[in-house]
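Open the model in your viewer and keep the selection tool ready.

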Amino acid sequence: MESKVVFVGAGNMAEAIAAGMVRAEFCAAEKIVMTDIRPERLSGLETDLGVSTSADNSVVKNAEIVVLAVKPQIMNDVLEDIAPVLRKETLVISIAAGITAEKIERALGEGTRVIRVMPNTPALIGQGASGIAAGRLADEADLEVAETILGCVGETVRVDEKDLDAVTALSGSGPAYVFYLLESMLAAAEEMGLEKETARTLALQTVEGAARLMKDSGEEAAELRAKVTSKGGTTFAAMTSMEESGVKPAIIKALKAAQMRSKELSG
Ligand SMILES: NC(=O)C1=CN([C@@H]2O[C@H](COP(=O)(O)OP(=O)(O)OC[C@H]3O[C@@H](n4cnc5c(N)ncnc54)[C@H](OP(=O)(O)O)[C@@H]3O)[C@@H](O)[C@H]2O)C=CC1
Ligand SMILES: O=C(O)[C@@H]1CCC=N1
């Protein structure tokens with residue numbers, strides 16, 4: 001059977017994207033095939049999403065589009081595995097951090113059209129953010145296909161491939177930074193004696209509300225922060241403490257470490 005899309009690797013991200021595609025009726029669910037080395041994972045996906053599954057990566061031979069969704073560390077093995085059976089006209093979309101389009105083209109054979117995408121986990125609830133970059137041979141129509149697929153799970157932005165390591169550091173890993181901030185805020189709330197559920201409700205609405213305010217107002221983060229910060233008030237005390245602790249340079253350093261790791265993964 002000809003399949004529309006084959007996901008190689010049926011982990012968290014592949015499931016999020018496939019679920020969004022089924023929800024948006026990108027194509028008939030059974031035309032989406034997901035492969036994995038864990039049979040229990042595949043049976044769950046068949047039941048939950050109605051997609052087709054296979055434990056054999058050679059099903060890519062029937063695909064119009066292949067989405068590579070395995071960990072970067074095992075990408076070499078997977079590329080070797082599928083290269084002999086992949087058809088020249090199949091569009092390859094990779095979501096793996098750090099693996100360059102050139103590397104994928106080289107492994108899969110000259111002429112392969114490759115698009116790289118860096119999504120993030122809020123895709124699980126249709127609120128993802130994806131950077132999308134075309135490899136050397138992918139054209140406008142290929143970019144539009146990738147935008148339609150990732151558009152099923154959130155917002156998409158086109159970038160040059162050279163900027164994908166930075167996108168990975170910013171929005172790919174970004175949800176983890178926000179969760180870390182929330183962990184820290186909730187730890188403080190507990191120390192200050194607030195009930196767990198009360199703190200959770202207030203903290204989550206604060207993060208969501210602040211993001212929405214910035215989006216809707218179009219104002220810069222620093223301007224909005226200034227509006228919260230009364231001179232000599234409580235926010236001023238908190239911000240002074242953060243400045244003294246070097247929080248901003250620490251965050252900048254952390255994102256650069258993520259960018260560096262993304263570059264290393266391509267080696
Ligand atoms: N998680 C995130 O926030 C993001 C991840 N990414 C990228 O997405 C990719 C997938 O990440 P994620 O979904 O988190 O990872 P997961 O580990 O959840 O998913 C990968 C899946 O592939 C399976 N697998 C391993 N070897 C093979 C094989 N040879 N053939 C088929 N399937 C195989 C794994 O099984 P097993 O677990 O048994 O090894 C696992 O189920 C990565 O390259 C990552 O860089 C991109 C953006 C965000
Ligand atoms: O941590 C990682 O390597 C992957 C890529 C971006 C988010 N998770």
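Predicted model: local features only at pLDDT ≥ 70, side-chain atom pairs only at ≥ 80, totals over all residues.

Residues are numbered from 1 along each chain as its sequence is written, with chains lettered from A and ligands numbered from 1 in the order in which they are written.

**Whole protein.** Show the cartoon. There are 11 helices and eight strands, taken as DSSP runs numbered from the N terminus (helices H or I, at least four residues; strands E, at least two). Along the principal axes, the C-alpha atoms fill a box of roughly 65 × 40 × 30 Å.

**Ligand 1.** Select its surroundings. The shell holds 28 residues, with Gly9, Gly11, Met13, Ala96 and Ala97 coming nearest; a residue counts as near if its C-beta atom, placed from the backbone, lies within 6 Å. Now colour α1 (12-23) and α3 (75-82), the elements that give two or more residues to this shell. α1 gives the most, three residues.

**Core.** Select Phe7, Val8, Ala18, Val66, Val67 and Leu68. These have the most contacts inside the largest nonpolar core, which has 59 residues. Such a core is a set of buried Ala, Val, Leu, Ile, Met, Phe, Trp, Tyr and Cys residues joined through C-beta atoms within 7 Å; buried means 20 or more other C-beta atoms within 10 Å of a residue's own. α1 returns here with the largest share, seven residues.

Methods
Buried ≥ 20, exposed ≤ 12 C-beta atoms within 10 Å, placed from the backbone.
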